[in-house]
Amino acid sequence: MSIEKEIACVILCAGKGTRMQSDTTHKVCFPIAGRPAICRILDTFKSVGIARVMAVVGDKAGQVMQTIAADHPAVSYVYQGDQKGTGHAAQIAADALERLGYDGLIMVTMGDKFIEPHAIRQLTEAYVRTGADLIFTVAAKADAPDAGRVILDARGEQVLASIEVRDIQRARILGGFARLAARGKAVAREQLRRVAAAEIANAAKQAQALGPKLADLLVGDGDVPASRLADLLGPDAGTFKVAGGRLTADEVERAAKFVNVSLYLGRARAMYDALGRLRPDNAQGEFYLPDVVRLLADAHDPQGQPLYKVRAHQLADHNDVLGFNNPQELLAIEDHLRRSRDRMQADERTGPVRKLGGGHLKPLKKWIELFEAFGPRLRKTLKELYGPNEAFLKQRRQEYLRVLRRYGRRFGADAEVIVVRAPGRINLMGRHVDHRGGHVNVMAINREVVMVAGPRTDDTVRMTHVQAGQFPDQEFSIGKLIGSLVWDDWLSYVNSRQVQQMVLDSRGDWSNYVKAAVVRLQQQYRDVRVLGMDVAVTGNIPMAAGLSSSSAMVVAAAESCVALNRLDVTPQQFVDLCGQGEWFVGSRGGAADHAGIRMGRRGSVARVRFFPFAVEEMYDFPAGYSLLVANSHLKATKSDAARDQFNQRVAAYEFGFMMLKDRFPRHRHLLTHLRDVNPRRLGVTVSAIYRMLTKLPMSIRPDELAKSISEEHHKDIARIRGSHRDPEFYPIREVVLYGIAECERSAMARDLLAAGDLGRFGLLMARSHDGDRVAACTVRDRRAACRDYAFDVSDTALRSLIVDLQSENPDRVLGAQLWMQPGGYRCSMPQIDQMVDLAASVPGVVGAQLSGAGLGGCVMVLAADDAVNDARRILVDGYYAPNKLDAAIEVCIPVQGSGLLEL
């Protein structure tokens, strides 16, 4: 039964919307795809049959009413003179409806939203199905991280509370104050200020959240008696009353799997009751509309039975209800609409790839003709990708022709195909920390995978390679690959015994990297049947050399699969999905390689952040310098013992981070990723970081983990240990110190290169490589004599660093900085260390270090242009010639990132 005609809708349009940064246009009057947001949402209500609408207006009321009246003259209005919050606005509308004797259903939402019609229909259907007194829409927490947290009962049915993020921040501050007071000693005001600033940086908002009495404690110098602080806080400071009990802010975060996206539907009497009992006793001093959830959930009869049934309805797609508070969020809605429109237009056409257009999708014969002719348009396109070097362009032309002809011989010359390229990558700074939330500074390089791909109508993927002797033809069915496996989530899937056995049985099979991309995309888009493809491949990235040959294959396969299946994937999603896809082959790395491959720009280095992913800046590779890449000829394999060692290091990160959170509860709410362990985030000194590290064990045996880490992490411990064979011990302290310091180095790199401070950047390279070293070499007469290397992370060494920081001696203070500490990740090899030290001994070489994940591979050498030949010679004389190896040294230049060729 349709109930939309029985609903009175209240739209809140009174707020000032200061974050839209406009003095002339009200927030709800900003256009979305050319139509005012308020008119668009009214169109939606009208389309589903909701005819009775009341708008609450306040700031710029005349403009809002005029905008609405132009297309929706039947809307009625009430005025909110003082903006006291969304709950206050809803109170005013409810009072008006109650005076009119209205006793039906009330829907409440905001005018600064985009709502799909089917989201309203689904909400009303859920209302009828559940028999709720109040039901409201929720989304997964990851989809709207700034929205209020929603807590459900143990059965996941009754809603217990909806708690705003600012109140959670306030609770963390009060909890921090309470812990300081509990020590029984006077508390320095500076300590209180640090606790408050860690959650709410703005002083005015701190004061508003804390109230005048507590806010006064943050002003001035001196100490606050613990008893006074405790009296002001009261016994329940920093907790929330939920379902008769009390929860801390962290407990709320753990309990809340969903967030409130503010589309409510309820019985009028329930709404009148709750709105009438709202109070502004919260962090913002406002009447919160979400508090109606808690008030109705807490209402019980004398026998203790709930008076109201409160339910949450999860959106099928979080994009069905989107809000905006600033121009960036408004643009995100615009982008969503554009992509939805593109999908609709594509669905109206026949065939899975028509939307690609003639620039991307062409008959194979046409592609071959274009490359054979090598005309001006093709030359221009290749120059934009690779630069102007004519000899290099001709070499690439020949390689494109080879792979196009290979496709024709294997799959037929009449097919329509796309041509995809995915370059290798170099990470100038930020090794082993992308999965810890650190930055990377990556550039795509002039070695690449090229893939020619054609669509299929079934789920079969067929592959052929130009180097057929080394990479024999392969074929697999997507459906058969996933049909018999449990895959509640991607991590469970790749950790499953079936997948691990499948990868073990097909060890060395190059098709695994294509499977990794295709299966991850199919797992993400479960409502779409991902179709197969025919692909021909060529590539010149050295395998197992630390230049991301495998990641380039994953990216090329993902680019092909996304394009041919018309999948709607944002750049951020693409990078994340490729990074996670590569877990299929067994490693548990991050997405830095894939970010560099996808986001690279010719002549530039990309500064990339993770969690959330963003390309923060593209900056120029330093003029007058070259990056040499020298292959050690030691294969950096990702299977068996090597893969175990990689994953054991990642596990050491995880276990060490758990211990830090356990042993420093006052910082726990600030610690989401290892990158958060820094003086700025924690509001502490560098010395304090070193003191924290002394609380970590130097190493720990696997059987000691459970008693050294709190029980809440035990499930995660088991999951992490499942990714590798147990080592004799996990090197906790040296790995954690490496990660903390490398996060600092990776964050500094861009500023140093942009400022031309190559000397300091070279120092970063040296310290970063020291963290991976296993040997240290002395260079004499173009030869290197090496010995074992170990960095001291003992308590004595850390205390010595603290003394150095306090010494006021410039050299000692510099040497004790956090970014100067190598730690000990130890994924290099003696031969790699030998090559690094040989190159670093050459005048004009800025720095040298391991490239890639380690255990073999390449060395990167940053050198002034006039030092390149000397660096080549010393590597030949000191490494290649004595070991009877072919010299494999080349200059790598930054090229354009991955994508489809368009002509």
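Cysteine 786 is partly exposed, with a relative accessibility of 39%. Its partner is cysteine 777, and the two are joined by a disulfide with an S to S distance of 2.0 Å. Cysteine 777 itself is buried, at a relative accessible area of 12%, which falls under the 20% limit for that class. About the S-S bond of cysteine 777 and cysteine 786 the torsion is about 100°, so this disulfide is right-handed. Searching the whole structure turns up one disulfide. Please keep in mind as you look around that this is a predicted model.

What about cysteine 578 and cysteine 743? Cysteine 578 is in no disulfide, and its nearest cysteine sulfur, that of cysteine 561, is 10 Å away. Cysteine 578 is also buried, with a relative accessible area of 3%. Cysteine 743 is likewise in no disulfide; the nearest cysteine sulfur there belongs to cysteine 827, at 16 Å. Cysteine 743 counts as buried, at 7% relative accessibility.

Across the protein chain the pLDDT averages 88, and 91% of the residues score at least 70. Where pLDDT is low, the predicted coordinates should not be read in detail.

Now turn to helix H11 (residues 268-276) and helix H12 (residues 291-298), whose axes come within 9 Å and cross at roughly 105°. H11 and H12 are therefore roughly perpendicular to each other. On the H11 side the contact involves Ala270, Asp273, Ala274 and Leu275, and these meet Val292, Leu295 and Leu296 in H12. By class, the residues of this contact of H11 with H12 divide into six nonpolar, no polar and one charged.

Most residues other than glycine have a negative phi. Which phi value does histidine 633 have? Its phi is near 70°, a positive value in a residue other than glycine. Histidine 633 lies in strand S26 (residues 625-634) and is partly exposed, with a relative accessible area of 36%. Arginine 782 has a positive phi as well, near 65°. Arginine 782 sits in the loop between strand S27 (775-780) and strand S28 (783-788), and at 33% relative accessibility it counts as partly exposed.

**Two helix residues**

Is serine 560 buried or exposed? Serine 560 is buried, at 0% relative accessibility, and its place is in helix H21 (residues 549-564). Leaving aside neighbours within four places in sequence, serine 560 is in contact with Ile418, Val420, Met451, Ala453 and Met533.

Valine 803 is in helix H31 (residues 795-805) and is partly exposed, at 47% relative accessibility. From valine 803 to glutamate 6 there are 797 residues in sequence and 74 Å in space, C-alpha to C-alpha.

Here are the accessibility values for some of these residues side by side.

| Residue | Relative accessibility | Class |
|---|---|---|
| Cysteine 777 | 12% | buried |
| Cysteine 786 | 39% | partly exposed |
| Cysteine 578 | 3% | buried |
| Cysteine 743 | 7% | buried |
| Serine 560 | 0% | buried |
| Valine 803 | 47% | partly exposed |

Notes
Residues are numbered from 1 along each chain as its sequence is written. This is a predicted model: local features need pLDDT of at least 70, side-chain atom pairs count only at pLDDT 80 or more; totals for chains, interfaces and linings use all residues. Side-chain values use heavy atoms; hydrogens and water are left out. Axes are lines fitted to C-alpha atoms, for helices over the stretch in contact, and angles run from 0 to 180 degrees between N-to-C directions. Helices (H or I, at least four residues) and strands (E, at least two) are DSSP runs, numbered from the N terminus. Angles under 35 degrees count as roughly parallel, over 145 as roughly antiparallel, 65 to 115 as roughly perpendicular and the rest as oblique. Contact means heavy atoms within 4.5 Å. Ala, Val, Leu, Ile, Met, Phe, Trp, Tyr, Cys and Pro count as nonpolar, Asp, Glu, Lys and Arg as charged, and the others, Gly among them, as polar. A disulfide is a pair of cysteine sulfur atoms within 2.5 Å. Buried means under 20% relative accessible area, exposed over 50%, partly exposed in between (1.4 Å probe, protein chains only). pLDDT is the predictor's confidence in each residue, from 0 to 100.
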